[in-house]
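Here are my notes for you, as numbered points. Have the model open while you read, and click on each residue as it comes up.

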Amino acid sequence: MNRETTSHLKAPELRVAHWIDGNGQPCAPLTLADLGAGYKVLYCFQHWCAGCHDTGFPTLKKMIAALSTKAVGFAVVQTVFEGEETNTPERLRETQLRYDLPVPFGHDAAVEGYPTIMRDYRTGGTPWFIVIDPTGEVMYGGFHLDAEAFIASVEYASTR
């Protein structure tokens, strides 16, 4: 996988306050432990981001379809670093339904200039994928995730 983050780091706990579950119902703030003990994929988007819809969500759907039985946890976070009037909490369910994604969606509004996930995970914008390995280390963070390579590596790891 092509790694765009500059250094390995222990995955910080999520500090996103507003979440809906895979059925669109409001739920308690999600923790990394809620995503299971295996690999975790966090997908950051903005509702108005064309790249998020053109490439990011199709990549995410491909990974969820291929890895749903491999104990990989997925969550989607709307990172609102601009466009607050469009990137609203109400857009979460709309987007969840549009892509038929039964995974948790969070809304991370800017606090002191940037959303918490952008600061904690050093993201560079949207679309942005964060992959956390089973040991809790961030193994990838970047704009373009090679879904096929990630799927193959998880499938390989699950056979060992």
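**Notes on the fold and its contacts**

1. Let's start with threonine 95, which touches Phe45, His47, His53, Phe57 and Phe105, leaving aside residues up to four places away in sequence. Contact here means heavy atoms within 4.5 Å. Threonine 95 sits in helix α2, residues 90-98. Its relative accessible area is 1%, so threonine 95 is buried. For that word, buried means under 20% relative accessible area, exposed means over 50%, and partly exposed is in between, with a 1.4 Å probe and protein chains only. Helices (H or I, at least four residues) and strands (E, at least two) are DSSP runs, numbered from the N terminus.

2. A word on what you are looking at. This is a predicted model, where local features need pLDDT of at least 70, side-chain atom pairs count only at pLDDT 80 or more, and totals for chains, interfaces and linings use all residues. Residues are numbered from 1 along each chain as its sequence is written, and side-chain values use heavy atoms, with hydrogens and water left out.

3. Now the sheet. In what order do the eight strands of the open sheet come? The order is β1-β8-β7-β4-β5-β6-β2-β3, and the pairing is mixed. β1 and β3 are at the edges with a single partner strand each, so one side of each has no neighbour in the sheet. Two strands pair if DSSP finds at least two bridges between them.

4. Look at β5 (residues 73-80) and β6 (residues 105-109), which pair in the parallel sense over five bridges. Glutamine 78 stands opposite histidine 107 in β6. Helix α2 packs on the sheet and touches β2, β4, β5 and β6, with its direction at about 145° to that of β6. For that angle, axes are lines fitted to C-alpha atoms, for helices over the stretch in contact, and angles run from 0 to 180 degrees between N-to-C directions.

5. Is β7 mostly covered or uncovered? This strand, residues 128-132, is mostly covered, with five of its five residues buried. Trp128, Ile130 and Ile132 point one way, while Phe129 and Val131 point the other way, and all are buried.

6. On to the partners of β7. β4 and β7 pair in the antiparallel sense over five bridges, and leucine 42 has isoleucine 130 in β7 as its bridge partner. β7 also runs antiparallel to β8 (residues 137-142), joined by four bridges. There, phenylalanine 129 stands opposite glycine 142 in β8. The hairpin of β7 and β8 has four residues between the strands, and glycine 136 in that hairpin takes a positive phi near 90°.

7. Next, charges. Side chains of opposite charge can pair when their charged atoms come close. How many salt bridges does a search of the whole structure find? It finds three, a salt bridge being a side-chain nitrogen of Lys or Arg within 4 Å of a carboxyl oxygen of Asp or Glu.

8. Aspartate 120 and arginine 15 form a salt bridge, with the closest N and O atoms 2.8 Å apart. This pair links distant parts of the chain, 105 residues apart: aspartate 120 is in helix α3 (residues 116-121), and arginine 15 is in the loop between β1 (9-10) and β2 (18-20). Aspartate 120 is buried because its relative accessible area is 18%, whereas arginine 15, at 45%, is partly exposed.

9. Lysine 62 and glutamate 148 form a salt bridge too, their closest N and O atoms being 2.7 Å apart. They link distant parts of the chain, 86 residues apart, with lysine 62 in helix α1 (residues 50-67) and glutamate 148 in helix α4 (residues 147-158). Lysine 62 is partly exposed at 40% relative accessible area, and glutamate 148 is partly exposed at 47%.

10. Glutamate 94 forms a salt bridge with arginine 91, the closest N and O atoms being 3.2 Å apart. Both residues lie in helix α2, three residues apart, which is about one turn of the helix.

11. Last, the cysteines. The structure holds zero disulfides, a disulfide being a pair of cysteine sulfur atoms within 2.5 Å. For cysteine 27, the nearest cysteine sulfur belongs to cysteine 44 and is 16 Å away. Cysteine 27 has 29% relative accessibility, so it counts as partly exposed, while cysteine 52, at 0%, counts as buried.
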